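I set out to look up two features of this structure and to record what I found for each. The entries follow below.

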Amino acid sequence: MAKDRLTEVLIRYEAVIGLEIHTEITAVNTKMFCGCPVAFGGEPNTRVCPVCLGMPGALPVPNEAAIEWTVIAGLATECDIALWSQFHRKQYFYPDMPKDYQISQYDLPFCSGGFVDIEVDGDGVAERADLGGALPFVGPEAVPEDGGYRARIGITRIHLEEDTGKMVHVGGSEGRIAGATHSLVDFNRAGTPLMELVSEPDIRTPEEARRFAQKLRSIWLALGVSDCSMEEGSMRVDANVSVRLRGATELGTKSEVKNMNSFKSLHDAIAYEIVRQADLLDAGGRVEQETRHWDAGAKRTSGLRSKEEAHDYRYFPEPDMVPFSFELAWIDALAEKLPELPDARRDRYIAEFGLPKHDAAALAAEHALACYFEEAVALTGADRARPVANWMLGDLAAHLNAAGIEIVASRVTAAMLAELVGLIEDGTISGKQAKEVFAEAASTGDAPGAIVEARGMKQVSDTSAIEAVVRSVIDAHPDEAASYRGGKVGLAGFFVGQVMREMRGQGNPAVVNEVVRRLLE
Amino acid sequence: MSVIDLSALSARQVRDSIALGEFTAREAAEAAYARIEALDGDVHAFLQLTPELAFAAADRVDMARAAGNELPPLAGVPAGIKDNMNLIGTRTTCGSRMLENYESVYDCTAVRRLLDVGALPIGKCNMDEFAFGSSTENSAYGPTHNPWDLERVPGGSSGGSAACVAAGMTSISLGSDTGGSIRQPGALTGTVALKPTYGRVSRYGVVAFGSSLDQIGPFGTSVDDVALALEAISGADTMDATSSSEPVGSYTDGLDQGARGLRVGIVRDMLELEGCGAEIRASVDLAAETFAALGAEVGEVDLPAARHGLAAYYIIGPAEASSNLARFDGIRYGHRAADPADVLDLYMRSRAEGFGPETIRRIMLGTYALSAGYYDAYYGQAQKARTRIIEDFRAAFERFDVLLTPTTPEVAFRFGEKSDPYTMYLNDVYTIPVNLAGNCAVSVPSGLCSTSGMPIGLQIIGDYFAEAILLRAAAAFEEATGFDPIPPLVGSLNS
């Protein structure tokens, strides 16, 4: 869908968006209510026991660590932590749910009433048609230095529940239920602790939705609560989307969009849905309240085939567990142990290392990047933080992207990058040489110093040695030397090139430049 | 026919006889199976016999004795296990077609603990389907008959567990009690039957009916045997988050301390409930006199909210049951309908075919009570009534150590006599408030009905985790009455 189509729609319509974000707590060793390990994949139905299979007579025993992680997540997003809480049973029949009820939370979630601040910059700003050129400071708060804006997104609640199993439909196309002859169920995932965060409907654009989800992921990663893999489904984002004419006070009918397995999909699915709903309304139609499925290939949402029924989940307090009562002191102790969160980290990078805001934000948002960065800077010293950041966001990022690997899998470790930056800053090698050294280190895993040694790459900065080479080059090219002295100063580059060739690229470019000009004149 | 007459021996005597070498554990098991062979065709206490497990357990006891080891407290004691408790090597059918071929994949904690102290698992006992009932008439596999009169019900839902002890087929048995399912059949069969305090015994492995109400407990022919079994099965369990870490004391040590000084309260307003037979009512007053004669301080107390117990129970129990029984869906185990058109058809037909009428009734009641728009009026109100009942008991236990009521408003009835469900439900009017409050209570035989000759049970109710005092009172009463009820059927067999 064309971007200008969305922009055009958003001039006339206001979109109201709320997200429901499910995150598996992968930080724990065992499932929510039994001792089975928490992991991804594996042979079907190998990480199961009577409890997570819902065998007759089996009982749930709550995983304290998972509750603690949920409270930590709530504290990191400014939520109020309940002093009194309990689980409820949410009842509906589905084959991936062993007990045909899900142990979840209802009116007493562990966390409620929090918020997260997001910043939107770049292209995404244009989606806020209402803001126009003049960014107001009330509501979305402008961040004038880069033309972006900041907005606060409320968090209604974060509660804890158990994940379901996974269904595999066999015999139909692409594993979909339509046309399938039978279905298989894998309960390995069943019972994995799952945090569900519900946002307030404070989100107004697809870009804000993306930023909000990214921000949460960044916070969860900083806390270490989850690996937040959208591909593996450990972080799943559903969007409630409605539109209304600008100025209208009543909310439009919403649809719930599911099956977005990347942040781009989240953005595109919401954008599609906004335009779809606006087109319906423009044509005099009405929006149905329904669940819609995002098809990333076809780039569209479609209504689920099954007739939408108003579910009555018949929630009631889970009688297999007693309610939880939390001490304020326990909550305070968890709050004190909270790690530095991405926003604070970004601000520190700016203040402490003088990084540009964009670079600081990029490094701080991704916990693994931040750890790498800080490990390298600890070795190079704070004064070399900027080149470390430049290398990370430049060559290293490009390399990881091309190789399709995460930074934790990089052969160039933080210590190696620190060493490389040291070699450049000390003048041992040139920037150009450094790129070669980086490429070799990335493929072999050898230390940069060893590579420089082995290749005899050390940069020559010794003025007298360079003067000798420059003199011989000038002697060998008397005509060019005469032309230079006659006013063709552009020939300096020719001499620098000849000298560098003679020196097999090891001359310090700055020194060579200086000597060439001095001796020619 | 074996020389050992289990009905003439207590569990403690069986264990001590084996320890003394008077007979072997294997012979005890043989005696149990011989008695079953002779009587269970008529009584139908068992759904499944497990001789392989029982003889293996017996051989372990006999080997332990041969090796000179001290025998554990229930070594060689034949035991029946209600068929809603999991035990590897057995089917656990819950008296339902739904689980006709269901083989346990793990052990119920209470059963495991009973076997760990040497008890012999003789078989799995008949029950009302999923423990819904007061007569065992709701078993999908046919009812159990009362050993006192084969034309009459043994009570329920743990009717098989009660009958096998009453008939001397086993020395002890385990039942489960959600609204009286141990105590009511105990009263109707003349056995001692205990519902422990909620949380005293792990529920792990007993197929859940009402999770906030269920408790496993023992049957025996004496208070001492029941106390022995309770010691074995009690205590915290990491697999049950509602099990209590309250220390398990000795329940047998203080049994001989008598009733002197005990504060005993007759629950007067419950005695006056409509439907309570005159002879039953008189038996409680007689019991109070017995306690007074033993030196107890006897007084009276009312539990005004208890009259709402039945109504509250038939909301809360079915609500929890409707949820607990959702898992029987034909997907992973249990009955699955043939050739389902789709998953909804699979669910609906599997459940319609697998469940009996009372089970379906309870599921429907509970589903309705939890539905949007009805929750506050039903479940919410029922929980309020429950809180009132808890408060009534709490106040009563500030004045008394134990409370007395009848266990049931009448003695064992004939098959088919209570054809409408509500009349049947009324049989648990005295037992239900105790489950709602979570207290412990025991039914002790207090006499025989002068017209029918059927046993009458006295319910003694104790405070939370006050099983020691409760059983001490029961033992004092048992000794004072000198009543050792043996059904005529068993008497004739022995003569």
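How many residues does helix H9 of chain B have, and how far does it reach from its first C-alpha to its last? The model I consulted is a predicted one. I found that H9(B), residues 278-293, has 16 residues. Its reach is 23 Å, close to the 22 Å expected at 1.5 Å a residue.

I next looked up burial along H9(B). Ile280(B), Ser283(B), Val284(B), Ala287(B), Ala288(B), Thr290(B) and Phe291(B) are buried. Viewed down the helix axis, these buried residues fall within an arc of 160°, and therefore they line one face of H9(B). I noted Ala278(B), Leu286(B), Glu289(B) and Ala293(B) as exposed on the other side. After the helix comes Gly295(B), with a positive phi near 100°.

I then turned to the second largest pocket, which holds about 1700 Å³ of space. I recorded 44 lining residues, and the closest to the pocket centre are Arg217(A), Ala362(A), Ala365(A), Glu366(A) and Leu369(A). The lining comprises 20 nonpolar, 10 polar and 14 charged residues.

Which elements of chain A each supply at least two residues of this lining? I listed strand S6 (111-120) together with helices H3 (206-223), H6 (342-353), H7 (357-365), H8 (367-380) and H9 (385-403) of chain A.

Conventions
Residues numbered from 1 in each chain as written. Chains lettered and ligands numbered in written order. Predicted model: local features only at pLDDT ≥ 70, side-chain atom pairs only at ≥ 80, totals over all residues. Heavy atoms only, no water. 1 Å grid on protein atoms, 1.4 Å probe; cavity = no way out; pocket = protein on both sides within 12 Å on 5 of 7 lines; lining within 4 Å. Points joined across faces, edges and corners; volume = space filled by probe spheres on them. Helix = DSSP H or I, 4+ residues; strand = E, 2+ residues; numbered from the N terminus. Nonpolar A, V, L, I, M, F, W, Y, C, P; charged D, E, K, R; others polar. Expected span 1.5 Å × (residues − 1). Buried < 20%, exposed > 50% of the residue type's maximum accessible area, 1.4 Å probe, protein only. Arc of directions from axis to C-beta.
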